[in-house]
Amino acid sequence: MSNERVSKISHTGKIPLILPDNSKIDVNIHNVIINYQIPMHIDLRKVALETSDVEYERSKGHLMRRKRNPNCVVKIFNSGKVLVLGCKSEEAARKASRGVARMLQKIMGKEDKIIRMRNYNVNNILAAFKFPFGIKIEEIAKHYPANGHYEPEMFVGLDWKFDASGPSGTLRVHTTGTVTIAGAKSEEDVMECARKIYQIVRDYKCMDRYRPNDDADDDSVAAKETLKRKARNNGMSNIVPKRPRTYDAPTNPLSYSDEEDLYDI
C-alpha cells in the first residue's frame, strides 16, 4: 500500500473505490484494533497519576486512556501489553501506538534506553460500504452454499466467507446493498473483499430496490428524513390517545345459590 493512499484516508477513514461499471462507492473504516507488547513491567498507578483522561481500577488489572489525536481508546496492562481501539486507519493506529509507547517510556524513566514495540499485530478492521442497488441474498445463498450462509430466522443478512486463498474477513450482505466487513487484517484486505464481493453480487441485482438517486448529497437526504420525522411527530401529536380498556362491574345485586344452604344444615 502506497503512502499516498494512507495519507489520503488517515483522517477521514474513507477509501474511494471505482467499480468496473464506473460507479463509485466509499468504503468507510469504522474501527481498527491493534495490540503490541512493551518489554517491561508498567506501574499502572504511576501512569494514572502522571497522565490525564485515564480510568484505572486495580481490580480490573488494566488502565484505560482516551486519546484525542488520533481519537481512540488505549488499554494498558501491567505486563506491558497495549491494546488500541477506535482508530479510523492503520496509519492512525500506528501513530497512536508510537505515542503511547513513548509516553510509557518517559513515565517509567527509561528514556536512556531503547524501547521497541514487539509483536505489533492488527487484530481486526471493521468497515462498511453500500452498493447502489439491492441484492437478492436468497439466491446467492442458494447458488453459493459453501461460502454463503443465510438464516432469516436468526439475522436478516447473508454471512459470506471467502476461501482460504481469498482475503481475510467475514462479510455480511444485506438486501439493501449494504455490506459490512469484520475480521480483516489490513486495509488491502478490505479493498480486496469489496472488489471480490462485487463480482458475486452484480449478477443478483434486485431491480425493485434500485434507487438511482441514492448517490444524492447526504445532507439533502438527511434533511428530507428530518422533515419526514417532524411531520410524523406532528401528526401523531394531534391524535387523541385511546381510553384504557376497562371492565364494567355487574350491576345486579349479589346473590347466593341455594346449594350453600344445603351444606349449612
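This is a dialogue on reading features of a predicted model.

Visitor: What should I know about the numbering and the cut-offs before I start?
Guide: Residues are numbered from 1 along each chain as its sequence is written, and side-chain values use heavy atoms, with hydrogens and water left out. The model is predicted, so to speak of local features requires pLDDT of at least 70, side-chain atom pairs count only at pLDDT 80 or more, and totals for chains, interfaces and linings use all residues.

Visitor: How many helices and strands are in the chain?
Guide: Helices (H or I, at least four residues) and strands (E, at least two) are DSSP runs, numbered from the N terminus. The chain has seven helices and 13 strands.

Visitor: What share of the chain is buried?
Guide: Buried means under 20% relative accessible area, exposed means over 50%, and partly exposed lies in between (1.4 Å probe, protein chains only). Of the 265 residues in the chain, 34% are buried.

Visitor: Which residues of strand β1 are on its covered face?
Guide: In a regular strand the side chains alternate between the two faces of the sheet. In β1, residues 14-18, Ile 15 and Leu 17 are on the covered face, while Lys 14, Pro 16 and Ile 18 are on the uncovered one.

Visitor: In which sense do β1 and β2 pair, parallel or antiparallel?
Guide: Two strands pair if DSSP finds at least two bridges between them. Strand β2 covers residues 24-37, and its pairing with β1 is antiparallel, over five bridges. Leu 17 stands opposite Ile 25 in β2. The two strands form a hairpin with five residues between them.

Visitor: How many residues lie between the strands in the hairpin of β3 and β4?
Guide: There are four, and Gly 61 in this hairpin takes a positive phi near 80°. The strands, β3 at residues 54-57 and β4 at residues 62-68, pair in the antiparallel sense over four bridges. Glu 57 stands opposite His 62 in β4.

Visitor: Which residues does the cis peptide bond join?
Guide: A cis peptide bond joins Asn 69 and Pro 70, with omega about -5°. Pro 70 is in the loop between β4 and β5 (71-77).

Visitor: How far apart are the end C-alpha atoms of helix α3?
Guide: The expected span of a helix is 1.5 Å times one less than its number of residues. Helix α3, residues 90-107, has 18 residues and should span 26 Å; its end C-alpha atoms are 26 Å apart, which agrees. Its buried residues include Ala 93, Val 100 and Leu 104. Just after α3, Gly 109 takes a positive phi of about 70°.

Visitor: How many disulfides are there?
Guide: A disulfide is a covalent bond between the sulfur atoms of two cysteines. Here the rule is a pair of cysteine sulfur atoms within 2.5 Å, and the count comes to zero. Cys 87 is in no disulfide; its nearest cysteine sulfur, that of Cys 72, is 4.0 Å away. Cys 87 is buried, at 1% relative accessibility. Cys 193 is also buried, at 0%.

Visitor: Which residues touch the most other members of the largest nonpolar core?
Guide: In soluble globular proteins, nonpolar side chains tend to be buried together. A nonpolar core is a set of buried Ala, Val, Leu, Ile, Met, Phe, Trp, Tyr and Cys residues joined through side-chain atoms within 4.5 Å. The largest has 58 residues, and those touching the most other members are Val 27, Ile 76, Val 84, Leu 104, Phe 129, Phe 131 and Ile 197. Domain 1 (33-123) and domain 2 (131-210) both give residues to this core, so it lies between them. These bounds come from an automatic or database domain assignment.

Visitor: What does Phe 129 touch?
Guide: Contact means heavy atoms within 4.5 Å. Leaving out residues up to four places away in sequence, Phe 129 touches residues including Ile 25, Val 27, Val 179 and Ile 197.
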